[in-house]
Amino acid sequence: MEADAIALAVEVISPSERLRGINEKTAWYAAARVARLLQIDPRTGTWSLFTRPGEGEYKGVVHGKYGEPVPLPDDLGGDLPTSGLPLYGTPPGS
């Protein structure tokens, strides 16, 4: 699939992921020119939305916490709620 055919890539950060690995993956998505990358981090209850890829990096980024909606455009359904996202080590429904 061509990167310009991907409207949104979503990556869930694993419990053992290190910052260097996260940064390398983010740069890879940007170099591939994936329009939007949403990283969800169940370790910390946070998310990051990266936009406007160019020159191996994203020019736009918005960070938020669980409970704050991810601002997606209307063609992707609009704001994405995050209040129900789980944290690692938390049983479902807690």
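**Group meeting: a walk through the predicted model**

R33 sits in the loop that runs between α1 and β2. R33 is not a glycine, yet its phi is positive. For background, most residues other than glycine have a negative phi.

Where else does a residue other than glycine have a positive value of phi? E55 does, with phi near 55°. E55 belongs to the loop between β3 and β4. Is E55 buried or exposed? It is exposed, because its relative accessible area is 77%, and the cut-off for exposed is over 50%.

Now the helix. α1 is made of 13 residues. From its first C-alpha to its last α1 reaches 18 Å, close to the 18 Å expected at 1.5 Å a residue. Which residues of α1 are buried? They are G21, I22, T26, Y29 and A30. The cover over these buried residues includes four strands, β1 (9-12), β2, β3 and β4.

Take T26 as one case from that helix. T26 counts as buried because its relative accessibility is 11%, and buried means under 20%. Leaving out residues up to four places away in sequence, T26 touches L37, Q39, F50 and Y58. As for G54, its C-alpha and that of T26 are separated by 12 Å, and the two residues are 28 apart along the chain.

Next, the cores. The largest nonpolar core has eight residues: A3, A9, Y29, A30, V34, L37, F50 and Y58. Y29 and A30 are also on the list of buried residues of α1. Another core, of seven residues, lies apart from the largest one, and among its members are I40, W47, L49 and Y66.

On to I13, which is placed in the loop between β1 and α1. I13 is in a loop, and with 2% relative accessibility it counts as buried. Its contacts, again not counting residues up to four places away in sequence, are I22, Q39, I40, D41, P42, R43 and Y88. One of these, Q39, is 26 residues from I13 in sequence, and the two are 6.9 Å apart in space, C-alpha to C-alpha.

Rolling a probe the size of a water molecule over the atoms shows where empty space is left. In this model, the largest pocket holds about 210 Å³ of space. Which residues of its lining are closest to the centre? Of the 15 lining residues, those are I22, Q39, S48, F50 and H63. By class, the lining has six nonpolar residues, seven polar and two charged.

Some of these names have come up before. I22 is a buried residue of α1 and a contact of I13. Q39 touches T26 and also I13. F50 is a member of the largest nonpolar core and a contact of T26. I22, Q39 and F50 are among the residues closest to the centre of the largest pocket.

Conventions. Residues numbered from 1 in each chain as written. Predicted model: local features only at pLDDT ≥ 70, side-chain atom pairs only at ≥ 80, totals over all residues. Heavy atoms only, no water. Core = buried A, V, L, I, M, F, W, Y, C linked by side-chain atoms within 4.5 Å. Buried < 20%, exposed > 50% of the residue type's maximum accessible area, 1.4 Å probe, protein only. 1 Å grid on protein atoms, 1.4 Å probe; cavity = no way out; pocket = protein on both sides within 12 Å on 5 of 7 lines; lining within 4 Å. Points joined across faces, edges and corners; volume = space filled by probe spheres on them. Nonpolar A, V, L, I, M, F, W, Y, C, P; charged D, E, K, R; others polar. Helix = DSSP H or I, 4+ residues; strand = E, 2+ residues; numbered from the N terminus. Expected span 1.5 Å × (residues − 1). Contact = heavy atoms within 4.5 Å.
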